[in-house]
Amino acid sequence: MIILTDFSDNLVALYEYMPGRALVVDPPDAASVLRALDTHQLELTTILVTHHHGDHVGGIPGLKHETGCTVLGSDAARIPEMDQVVTEEQAIQLGPATIETLETPGHTRTEVCYYRVPGAGETSGLLWAGDTLFVGGCGRLFEGTAEQMYDAFQKLKALPDDTQVYCGHEYTVENYQFALTIEPDNQAIQDALTAARAALAQGHPTVPSTIGKEKETNLFMRASSVEEFARLRQRKDRF
Ligand SMILES: [Zn+2]
């Protein structure tokens, strides 16, 4: 996985799903993706879109024009230049890669995450969680309810613990700082904050996490009821 970080705080995953062929998730602009394709000698065949916000779709027209790639997403009315509507019922097949769509409304009402099922000889799957699940946190509720987002988190929680988690923004340090205002003595979160700061200081993004690590260090993952989840989300909105 190649993670492009040359945007404000968007984390953009460029994934070589078979030799020489790549997909990109939620490109904010085309130029840096095109540069990376050139550097790594990859052909872009596919764009996967988690939701319609401008900082996740801005690169679509330019990339489609330059590469002729196919655009997949859940919201044809609001995502530009879409070719194919994804649904939870139908998996996406790209060469040897099987990718499932998980409908996870909350941040937006048509939000989805993508789960790359482990391939032959691979032990762990990959999750592109968009602005639903962040490392140590959770997306804002712009269009959906706390109940919908809680349900989305239960869906993600059901994935295998070793699933590698990639998310849409580098909010990790702030998320752990918030979590420590709720649970100041939580050693696992303190350690995760230290590790996140160290990674960033070396110029590395804080992804991937894993579902297992999120279950341990993400208060939203650990919330045991919609009410607890909603309370956390409200406190985070004011943080
Ligand atoms: Zn968004």
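Two residues are said to be in contact when heavy atoms of theirs lie within 4.5 Å. The model examined here is predicted, so that local features need pLDDT of at least 70 and side-chain atom pairs count only at pLDDT 80 or more, whereas totals for chains, interfaces and linings use all residues. Residues are numbered from 1 along each chain as its sequence is written, and side-chain values use heavy atoms, with hydrogens and water left out.

Arg233 is found in helix H9 (residues 226-238), where helices (H or I, at least four residues) and strands (E, at least two) are DSSP runs numbered from the N terminus. With a relative accessible area of 3%, Arg233 is buried, a term that stands for under 20% relative accessible area, while exposed stands for over 50% and partly exposed for values in between (1.4 Å probe, protein chains only). When its neighbours within four places in sequence are left aside, Arg233 is in contact with Cys138, Gly139, Arg140, Leu141 and Phe220.

The zinc ion has as its protein donors His51 (NE2), His53 (ND1), His107 (NE2) and Asp131 (OD), which lie 2.2 to 2.5 Å from the ion. Donors are N, O and S atoms within 2.8 Å of the metal (3.2 Å for Na, K and Ca), and sites may look incomplete because water is not among the atoms. Along the chain, these donors follow the spacing H-x1-H-x53-H-x23-D. His107, in the loop between strand S8 (97-103) and strand S9 (112-116), and Asp131, in the loop between strand S10 (126-128) and strand S11 (133-134), are 24 residues apart and link distant parts of the chain. His107 counts as buried at 4% relative accessibility, and Asp131 counts as buried at 4% relative accessibility.

In helix H3 (residues 60-67), the residues Ile60, Leu63 and Lys64 are buried. Because they cover an arc of only 100° around the axis, they are placed on the same side of H3, the arc being that of the directions from the helix axis to the C-beta atoms. The buried residues of H3 pack against strand S3 (21-25), helix H1 (30-39), S4, helix H2 (54-57) and S5, whereas the exposed residues His65 and Glu66 are carried on the face turned away from the buried side. Gly68, whose phi is positive, near 70°, follows H3.

Strand S4 (residues 43-48) and strand S5 (residues 70-73) run parallel and are joined by three bridges, two strands being paired if DSSP finds at least two bridges between them. In this pairing, Thr46 stands opposite Thr70 in S5.
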